[in-house]
Amino acid sequence: MDTAQAEAPAQAIEDVARPGSDRAAAIRALRTRLSLLGDTGEGALERAEHLVGLAERFGSHPFTPLEQARRLLGVDRAAFAATLDLFGRIPELATAVQRAPEGKYWTNTILPLERTGALDAVVHGRPAFPYSVGLYPGPTCMFRCHFCVRVTGARYDASVLDEGNAMFASVIDEVPDTQPSTVYFSGGLEPLTNPGLGELAARGGRRGLDMTLYTNAFALTDRTLERQPGLWSLHAIRTSLYGLNDTEYEATTTKPRAFRRVKENLGSFMAERAARQAPLRLGLNYIVLPGRADRLMDLVDFVAELNEHSPGRPLDFVTVREDYSGRDDGRLAADERTQLRDALRDFTAYAAERTPALNIDLGYALESLRAGVDAELLRITPQTMRGAAHPQVAVQVDLLGDVYLYRESGFPELEGARRYIAGRVTPTRSLHDVVREFVERNPHIEPRPGDEYFLDGFDQVVTARLNQLEQDIADGWAAHRGLLGTGGTA
Ligand code: SF4
């Protein structure tokens with residue numbers, strides 16, 4: 001048998017949860033694997049089918065509780081326990097789940113989080129320094145995007161900047177050395193409206209932290225970079241792009257002539273980055289608004305034009321997301337879905353040809369759509385929100401030192417958001433203290449209708465995963481809770 005023949009059965013198992021895969025070949029390969037593991041007894045064929053069934057289920061519905069998966073397979077608890085044991089002993093099945101249509105939930109978020117132990121810390125009520133810390137340093141924002149939850153006119157007074165920046169510096173200093181990618185700057189409001197941002201970035205850079213800045217790039221001018229050279233210490237800058245011409249920009253942000261300025265800023269930034277040979281990565285976040293899928297081709301042209309400013313050092317990445325905000329059930333109409341799927345395929349093909357170095361991230365929902373699968377959209381409701389959130393996984397800190405539990409709650413004067421403050425960082429109370437006291441207190445914040453909008457996509461995945469883990473443990477499946485991420489199955 002040559003190498004290709006030997007690898008084929010493993011490949012059949014790894015691809016089994018993909019649309020159009022050869023299920024029969026995977027079952028044959030699994031039967032061979034089972035016999036190698038000493039399982040030649042009666043029912044081996046059925047067990048192989050159950051293993052495939054599990055990979056398919058968790059590859060398309062990652063947040064299924066194990067007890068539900070057992071019922072779907074129609075087996076008793078003893079048989080299901082045996083199937084789970086076998087699943088853990090055949091690593092190709094874990095790969096199959098990750099290659100499936102919803103595999104990005106696993107590879108991008110769940111498994112990296114599992115490896116840090118942050119989810120276990122939440123489930124077992126153990127304090128821990130958060131895996132992700134968003135610093136929200138912006139006192140204001142020059143845009144007024146129609147989908148933004150911020151309260152018009154609400155801002156932080158300039159008088160809090162000095163104290164606020166000293167507090168951010170203390171948080172940067174207390175990040176454990178083992179968590180270099182924990183801190184990012186975002187909002188809340190626009191981070192670049194804080195004139196001390198460069199110093200904070202430099203402080204993190206000196207500590208060896210890989211910090212990302214999320215910005216609208218309106219203030220990312222040559223002048224800002226001259227005044228705040230510390231910004232070059234950032235690991236990455238992620239620019240939210242709100243259109244591809246002045247008219248689209250104004251319709252979204254209400255700011256006239258903003259597109260041309262953002263474009264100029266980014267071009268000039270790329271030229272300077274190339275001249276300095278700065279390692280900082282630059283990318284765009286682009287949201288496809290309803291009916292604007294055809295604009296994706298222009299997005300490629302936009303990136304290609306930016307690249308002309310620094311031929312040897314092109315733009316690094318683009319993340320594309322869909323705006324589901326206006327839809328009650330979060331679903332697209334069939335014709336809109338087909339249009340978007342075709343647009344995504346054209347977009348990735350055109351980008352591969354015109355901007356080959358560009359890394360494209362379509363996220364959970366759009367990646368499934370491009371693959372031709374109707375993605376299950378994750379929807380957390382007030383009923384499924386967790387009373388004490390997940391501060392060991394993620395928190396956000398604003399200019400006042402207030403530690404917010406959800407990423408979309410850290411806006412000044414936002415109604416109901418104060419209930420989601422875990423505590424305040426002060427000169428005598430570190431972020432670690434705030435999280436420890438909150439976890440030990442273990443409060444129950446009763447969710448109100450509409451509170452689910454405080455959660456961004458990451459918060460939703462974390463909440464769904466934690467609910468699933470707790471359900472599995474309550475159902476007596478602690479040893480296998482969450483299917484992957486325990487005992488070597490990641
Ligand atoms: S979405 Fe961002 S850029 Fe737009 S108004 Fe809100 S904070 Fe400002």
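Arg 295 is buried, with a relative accessible area of 16%, where buried means under 20% relative accessible area, exposed over 50% and partly exposed in between (1.4 Å probe, protein chains only). The model is a predicted one, in which local features need pLDDT of at least 70, side-chain atom pairs count only at pLDDT 80 or more, and totals for chains, interfaces and linings use all residues. Residues are numbered from 1 along each chain as its sequence is written, and side-chain values use heavy atoms, with hydrogens and water left out.

Arg 295 is found in the loop between strand S5 (281–288) and helix H14 (296–307); helices (H or I, at least four residues) and strands (E, at least two) are DSSP runs, numbered from the N terminus. Its side chain makes a polar contact with the side chain of Asp 298 at 2.6 Å. Such a contact is a pair of N or O atoms within 3.5 Å; within protein, one must be able to donate a hydrogen and the other to accept it, and residues adjacent in sequence count only if both atoms are side-chain atoms.

Turning to the rings, the count comes to 13 aromatic pairs, where rings of Phe, Tyr and Trp (its six-membered ring) pair if their centres lie within 6.5 Å, with planes under 30 degrees apart counted as stacked, over 60 as edge-to-face and the rest as tilted. Phe 143 and Phe 218 have ring centres 5.5 Å apart and planes at 65°, so this pair is edge-to-face. Phe 143 lies in the loop between strand S1 (132–136) and helix H9 (161–174), and Phe 218 in the loop between strand S3 (212–215) and helix H11 (222–227), so the pair ties together parts that are 75 residues apart in sequence. Both Phe 143 and Phe 218 are buried.

The rings of Tyr 184 and Tyr 214 also form an edge-to-face pair, with centres 5.6 Å apart and planes at 70°. This pair links distant parts of the chain, with Tyr 184 in strand S2 (residues 183–185) and Tyr 214 in strand S3, 30 residues apart. Tyr 184 is buried at 11% relative accessible area, whereas Tyr 214 is partly exposed at 30%.

One aromatic cluster includes Phe 143, Phe 218 and Tyr 242. Among the residues surrounding the ligand are Phe 143, Arg 144 and Tyr 242, a residue being near if one of its heavy atoms lies within 4 Å.
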